[in-house]
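Please have a look at the sequence and structure first.

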Amino acid sequence: MIRVGLAGFGLAGAKFHAPLIRACERMELSAVLTSRDVPECVDSLDELLGRSDLVVVATPNTTHFEIASAALNAGKHVVVDKPFTVTLDEADSLIALARERGRMLTVFHNRRWDSDFLTVRKVLPRLGEVMLFEAHWDRFRPEIKAGWREVPQPGGGVLSDLGPHMIDQALLLFRMPEAMSADIAAQRQGAEIDDYFDLTLHYGERRVHLACSTLVAEPRPRFAVHGTQGSFVKYGLNPQEAQLKAGMDARDDGFGLDPVNGTITFGDGQRGEVPSERGNYLAFYEGVGNGIAGNVPGPVDPADARAGLVLIDLARRAAALGQRLQLPAASSTEASAPAQ
């Protein structure tokens, strides 16, 4: 069994990581660094490290680097929640440290196993050459909640919160773009950090459009993919987050089942429903366990997460300047792309 120490027990720790760790056959949750009253609670990072083989970092974004560094230096394998780090320098340091220590370092890009995204990946070859890819992640949250997520600080804002997932999905499908344009704003009254973004990734004639708003009561399609042979449209968010929040076990037969089908439309007018693939967040931790046991890479290469940070930085610069910005030359380390 792999002893897992969980640093942080907020939304990410309590509702995502802890249930998935407990559902993984190879793992036991041995320690939780939190002020909350949980059976595995420990009082210090040192105590957490002493009781763990694998450390999961689910703390506020600005602490990811410090805790992950301490864990790697202590010889532990590490999972970091998104965003991986708040700067590229921190990402590079962690990647180098994991390599030096010979330990697994991976990032919780669990949205690779969303039911709707798995469906998109399956249906994509039926659409021909994709010319327009649109992904929306909309909410209606006009009230600002108290907490660190609403405080202006490095790694804050919805672009750093949901952007890593949406960008990671785009990079898995299309790799790094040639250029980016962006619009980023704080739209809610009293908002001090961005709660809206609209990114366009440019790939020659193809456009990949990623957008998020906290003031949309009637959500747009989660995915709308248009190719030379047809279109695929899917509404509704992947159900796994809601299921975990409701206390459903990830091993339950109904976990990950999305009752909302997508629609495919071809150029000749033929239309049909596309059943949603079953989502599978547990696959992430199964991949972590298999990687540690077999001394092989984890389920998400940290270089993939670093590539996403490159695009987030570029998006902020593009929005500030009001310009389309080219990516660095392909030979640059900043242009590294996820492996397909």
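The notes below cover the cavity, the pockets and the salt bridges.

This is a predicted model, in which local features need pLDDT of at least 70, side-chain atom pairs count only at pLDDT 80 or more, and totals for chains, interfaces and linings use all residues. Residues are numbered from 1 along each chain as its sequence is written, and side-chain values use heavy atoms, with hydrogens and water left out.

**The cavity**

- Rolling a probe the size of a water molecule over the atoms shows where empty space is left.
- On a 1 Å grid over the protein atoms alone, a cavity is a set of points where a 1.4 Å probe fits but cannot get out, while a pocket is an open set with protein on both sides within 12 Å along at least five of seven lines; lining residues have an atom within 4 Å of a point.
- The count comes to 1 cavity of 30 Å³ or more.
- The largest cavity holds about 40 Å³ of space (a volume is the space filled by probe spheres set on the grid points, which are joined across faces, edges and corners).
- Its lining is made of Lys 82, Pro 83, Phe 84, His 109, Pro 164, Ala 305, Gly 308, Leu 309 and Ile 312.
- Helix H10 (residues 302–321) gives the largest share of this lining, 4 residues; helices (H or I, at least four residues) and strands (E, at least two) are DSSP runs, numbered from the N terminus.
- By class, the lining of the largest cavity has 6 nonpolar, 2 polar and 1 charged residues (Ala, Val, Leu, Ile, Met, Phe, Trp, Tyr, Cys and Pro count as nonpolar, Asp, Glu, Lys and Arg as charged, and the others, Gly among them, as polar).

**The pockets**

- The largest pocket contains about 980 Å³ of space.
- Of the 42 residues lining the largest pocket, Leu 11, Arg 139, Arg 141, Arg 149 and Asp 161 lie nearest its centre.
- Helix H1 (11–23), helix H6 (158–161) and helix H8 (240–245) are the elements that give two or more residues to the lining of the largest pocket.
- The lining of the largest pocket divides into 14 nonpolar, 13 polar and 15 charged residues.
- The second largest pocket has about 410 Å³ of space.
- Its lining has 18 residues, and those nearest its centre are Ala 98, Arg 103, Met 104, Leu 105 and Pro 297.
- The lining of the second largest pocket divides into 10 nonpolar, 5 polar and 3 charged residues.

**The salt bridges**

- Side chains of opposite charge can pair when their charged atoms come close.
- The model has 17 salt bridges (a side-chain nitrogen of Lys or Arg within 4 Å of a carboxyl oxygen of Asp or Glu).
- Asp 53 and Arg 3 form a salt bridge, with their closest N and O atoms 3.1 Å apart.
- This pair links distant parts of the chain, 50 residues apart: Arg 3 is in strand E1 (residues 2–7), and Asp 53 is in the loop between helix H2 (45–50) and strand E4 (54–57).
- Glu 277 and Lys 122 meet in another salt bridge, at 3.2 Å from N to O.
- Here the partners are 155 residues apart, with Lys 122 in helix H5 (residues 115–123) and Glu 277 in the loop between strand E14 (271–274) and H9.
- Lys 122 is exposed, with a relative accessible area of 56%, whereas Glu 277 is partly exposed at 26% (buried means under 20% relative accessible area, exposed over 50%, partly exposed in between, with a 1.4 Å probe and protein chains only).
- Arg 111, Asp 114, Glu 241 and Lys 245 are joined in a network of salt bridges.
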